[in-house]
Amino acid sequence: MSRLYVHLSKDRETAEKVGARHGKPHIFFVHSGKMFRQGYKFYLSENGVWLTESVPPEFLGER
């Protein structure tokens, strides 16, 4: 695990495509808006991927 950030996709289709490069993807819905409102920081990379340092379990859920 050499990644410094959690990589987030803007939609399910993109997440499935990116995740499939490493086997069967496991997709989690992240309540990123709620995270942002609570002070978590997000960064947009040059290739359009959203990054954050961590996603606590209370922000994972069903859409």
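Helices (H or I, at least four residues) and strands (E, at least two) are DSSP runs, numbered from the N terminus. The model is predicted, so that local features need pLDDT of at least 70 and side-chain atom pairs count only at pLDDT 80 or more, while totals for chains, interfaces and linings use all residues. Residues are numbered from 1 along each chain as its sequence is written, and side-chain values use heavy atoms, with hydrogens and water left out.

**Exercise 1.** Determine which strands form the open sheet, and in what order.

*Solution.* Begin with the inventory, which comes to 2 helices and 5 strands, running β-α-β-α-β-β-β from the N terminus on. Finally, S3 and S4 (residues 50–52) are joined in the antiparallel sense over 2 bridges, with tyrosine 43 standing opposite leucine 51 in S4.

**Exercise 2.** Identify the element that supplies the largest share of the lining of the largest pocket.

*Solution.* The lining (residues with an atom within 4 Å of a point of the pocket) holds 31 residues, of which His7, Leu8, Ser9, Ala15 and Phe28 are the closest to the centre. At least two residues each come from S1, H1 (12–19), S2 (29–30), H2 (32–37) and S5 (60–61). The largest share, 5 residues, belongs to H1.

**Exercise 3.** State what percentage of the 63 residues is buried.

*Solution.* With buried meaning under 20% relative accessible area (1.4 Å probe, protein chains only), the buried residues make up 16% of the chain.

Notes: Pairing = 2+ DSSP bridges. 1 Å grid on protein atoms, 1.4 Å probe; cavity = no way out; pocket = protein on both sides within 12 Å on 5 of 7 lines; lining within 4 Å. Buried < 20%, exposed > 50% of the residue type's maximum accessible area, 1.4 Å probe, protein only.
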